[in-house]
Amino acid sequence: MSEQVLGLLTGIVFGALLQQGRVVRFEKQVGAMLLQDMTILKFMLSAIVVGMVGINLLVDLNVVAPSVKATSIGANLIGGLLFGIGWAVAGYCPGTSVGALAEGRWHAVFAIAGMLVGAAIFAEVYPALKASVVSWGSFGKITLPGVLGVTPWGVIVILVIAYLALFRLFERKRL
Amino acid sequence: MPISWRPYVAGALTGLLAIASVLVSTQVLGKAKYLGASTTFVRSAGLIEQSVAPEHVTANEYYQSKKVRVDWQFMLLVGILVGSFAASRLDGSFKAEGSPPIWRDRFGRGVGVRAIGAFLGGIVAMFGARLAGGCPSGHGLSGLMQLSVSGFIAMAGFFGAGIVVAHLLYGRTRGGEVGHE
């Protein structure tokens, strides 16, 4: 099977789950940012709890290779904050913009067009950013357990408990 | 109101999909494929530019580093389009909408204003995602599943700025009227 066919099949399941989780909605994205409806956090953290245990197990058993993105405090933080500003206005992140368009919310097409322009602008200014922002606080491909000098499983247990406590809080507050 | 299990179940199944994806892609392609979305916008922009100015794309360092082509993640996004469309038609939740209710409460019914907002927001969001090195799929899901420090920093930035700007933009609408399902 080619990588394109595998990507398509994976995407069809991902798209159906995003849509069924209702996370492709503008209301759910902005609702989370307004701290009124935590649907997208329930979805993301549920995926992370399951995936964190499974993927770390597969990496431990040497069945799959990890793929950790490099840490640059400058790029991760400034880029992250810029993303958050645009995300609040557009109401969609890259993956959900496509899913929203597919369930009829056609105004998402304007967000998608903007994202293509944003990517093109970034490609033009990348050399300047690489020499500046990206080099600020650059630590390479580090993980939380690596930095703390502990086994991943200790961190995983603590995070699972923390995420489950958040779910309990969301439900008690009816968010 | 009873607990809605919908986001938890769909989320947990997405976790299983992420595990299945790295496992199957390692077996079939010899390389683990982790969920992500924003790099595809770089490749798509590159493909569009390539059709009018191919030498410009060849000379661009960033496009060359990301390899402008239809790859696994590009087809993942095509799949999201197919999967979301099929699921919304099957359960009847497909709905044509030119402007979301929260936006209309604040900025009126005009589609033009919504189009400009979504377009400008999209530009800033994608520029930020590429600078951060990922979006809520790549940094959020795949990054936090692997406990990467970059994922935690980026997610703090996404939500930190998102919460402030969303409150400034929509905070004064009548309670935001965010419906639960």
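Okay, let's start with helix 8 of chain B, residues 136-145, which is mostly covered: 10 of its 10 residues are buried. Before I go on, please keep in mind that this is a predicted model. The scores are ipTM 0.96 and pTM 0.95. For chain B, the mean pLDDT comes out at 94, and 94% of the residues in chain B get to 70 or more.

If you want to find the buried residues on your screen, run along helix 8 of chain B from Pro136(B), Ser137(B) and Gly138(B) through His139(B), Gly140(B) and Leu141(B), and then on to Ser142(B), Gly143(B), Leu144(B) and Met145(B). So what do the buried residues of helix 8 of chain B pack against? Part of the answer sits in chain B itself: helix 1 (6-29), helix 2 (38-52), helix 7 (111-132) and helix 9 (149-170). The rest comes from the partner, with helix 3 and helix 5 of chain A packing there as well. One more thing to spot here: just after helix 8 of chain B, Leu147(B) has a positive phi of about 60 degrees.

That brings us to how the two chains meet. How many residues of chain A are in contact with chain B? It's 110 from chain A, and they touch 124 residues of chain B.

Now zoom in on one pair across the interface. Helix 1 of chain A, residues 3-20, packs with helix 5 of chain B, residues 72-90, at an angle of about 40 degrees, and the axes are 5 Å apart. With that angle, helix 1 of chain A is oblique to helix 5 of chain B. As for handedness, helix 1 of chain A passes helix 5 of chain B in a right-handed crossing.

Let's step back and look at chain A as a whole. It has 8 helices and 2 strands, and along the sequence the pattern reads α-α-α-β-α-α-α-β-α-α. Along the principal axes, the C-alpha atoms of chain A fill a box of roughly 45 × 45 × 40 Å. Of its 175 residues, 54% count as buried. If you take the contacts in chain A with a separation of 6 or more, 61% of them come from residues 24 or more positions apart.

Last stop: two arginines in chain A. Arg22(A) isn't a glycine, yet its phi is positive, about 65 degrees. You'll find Arg22(A) in the loop between helix 1 and helix 2 of chain A. Arg174(A), also not a glycine, has a positive phi of about 55 degrees, and it lies in the segment after helix 8 of chain A.

Is Arg22(A) buried or exposed? Arg22(A) has 22 C-beta neighbours inside 10 Å, so it counts as buried. And Arg174(A), buried or exposed? Here there are 11 other C-beta atoms within 10 Å, so Arg174(A) is exposed.

Terms used:
Residues numbered from 1 in each chain as written. Chains lettered and ligands numbered in written order. Predicted model: local features only at pLDDT ≥ 70, side-chain atom pairs only at ≥ 80, totals over all residues. Axes fitted to C-alpha atoms, helices over the stretch in contact; angles between N-to-C directions. Helix = DSSP H or I, 4+ residues; strand = E, 2+ residues; numbered from the N terminus. Parallel < 35°, antiparallel > 145°, perpendicular 65-115°, else oblique. Left-handed = near helix turned anticlockwise from the far one by under 90°. pLDDT = per-residue confidence, 0-100. Contact = placed C-beta atoms within 7 Å. Buried ≥ 20, exposed ≤ 12 C-beta atoms within 10 Å, placed from the backbone.
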